[in-house]
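Here are my notes on the model you asked about. Have it open beside you as you read.

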Amino acid sequence: MWKRHLSFSISFGLIAALNLAVEFFDISDARLILKPLICLILAGYLANKTRLTGNFSKLIFVGLLFSLVGDTALIFANKGGTYFLAGLGAFLVAHIAYSIAFFRDYRYNQEASKKYGHFMLIALAIFTMGIYLWIRPYLNDMKLPVLVYMFFISVMAILAGYRYGRVN
């Protein structure tokens with residue numbers, strides 16, 4: 001990956017490292033620029049490499065755009081619950097787009113990664129329910145939105161597990 005996509009890898013690594021530093025040192029002004037760059041560079045790379053041909057690339061691209069909206073909304077979450085809900089909603093749409101892409105990919109060869117996918121299904125069901133039950137008492141009126149979001153992100157992760165061995 002590094003040699004074939006060196007400029008992307010360096011750019012992404014640098015942005016990721018800067019994001020971690022910005023979060024660690026709580027530099028909120030830099031967060032406004034750096035946080036959206038993660039999805040922007042991923043979406044740009046995807047568009048450049050695939051020319052967005054095929055439904056898989058298009059769905060992943062849509063997911064990245066909604067992830068960008070979600071990241072941007074969450075930057076302002078401390079200004080009110082509306083931003084948090086907007087971010088949660090945008091990430092929900094992103095994870096649905098990713099899930100559809102992963103499911104369509106899985107359908108082409110269901111036997112290739114069934115064992116790993118089943119493991120992910122069981123592991124994530126236990127993990128997600130455990131986390132939800134742990135945080136539920138603190139969620140107040142956010143119980144249902146968080147439960148729905150956790151369900152869809154778990155479905156996406158499980159479907160990603162069913163893609164095991166199909167990607168480099």
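The points below go from the whole chain down to single residues.

1. First, the ground rules. This is a predicted model, so to speak of a local feature we want pLDDT of at least 70, and side-chain atom pairs count only at pLDDT 80 or more, while totals for chains, interfaces and linings use all residues. Residues are numbered from 1 along each chain as its sequence is written, and side-chain values use heavy atoms, with hydrogens and water left out.

2. Overall fold. The protein chain has 6 helices and 0 strands, running α-α-α-α-α-α from the N terminus. The C-alpha trace spans about 45 × 40 × 25 Å along its principal axes.

3. Packing. Of the 168 residues, 34% count as buried. Here buried is under 20% relative accessible area, exposed is over 50%, and partly exposed is in between (1.4 Å probe, protein chains only). Take the contacts between residues at least 6 apart in sequence: 65% of them join residues at least 24 apart. A contact means heavy atoms within 4.5 Å.

4. Surface and charge. The protein chain exposes about 10700 Å², and carbon and sulfur atoms supply 70% of that. The areas come from the Shrake-Rupley method with a 1.4 Å probe; for residues, only the protein chains shown count as cover. There are 16 positive and 7 negative side chains, and the centres of the two sets lie 12 Å apart. Lys and Arg count as positive, Asp and Glu as negative, and His and the chain ends are not counted; each charge is placed at NZ of Lys, CZ of Arg, CG of Asp or CD of Glu.

5. Which elements line the second largest pocket? The pocket has a volume of about 190 Å³, and α4 (81-108), α5 (114-135) and α6 (143-161) each give two or more residues to its lining. The most comes from α6, with 6 residues. Lining residues include Phe 84, Leu 88, Phe 127, Tyr 149 and Met 150. A pocket is an open set of points on a 1 Å grid over the protein atoms alone, with protein on both sides within 12 Å along at least five of seven lines; lining residues have an atom within 4 Å of a point. Points are joined across faces, edges and corners, and the volume is the space filled by probe spheres set on them.

6. Most residues other than glycine have a negative phi. Arg 51, in the loop between α2 (28-50) and α3 (55-75), has a positive phi of about 55°, and it counts as exposed at 60% relative accessibility. Asn 140 sits in the loop between α5 and α6, with a positive phi near 50° and a relative accessible area of 56%, also exposed.

7. Is Arg 163 buried or exposed? Arg 163 lies in the segment after α6 and is buried, with a relative accessible area of 11%. Leaving aside neighbours within four places in sequence, Arg 163 is in contact with Phe 56, Phe 102, Asp 105 and Ser 113.

8. Not counting residues up to four places away in sequence, Ala 101 touches Phe 56, Leu 59 and Ile 60. Ala 101 and Lys 58 are 43 residues apart in sequence and 8.6 Å apart in space, C-alpha to C-alpha.

Technical notes
Helices (H or I, at least four residues) and strands (E, at least two) are DSSP runs, numbered from the N terminus. On a 1 Å grid over the protein atoms alone, a cavity is a set of points where a 1.4 Å probe fits but cannot get out, and a pocket is an open set with protein on both sides within 12 Å along at least five of seven lines; lining residues have an atom within 4 Å of a point.
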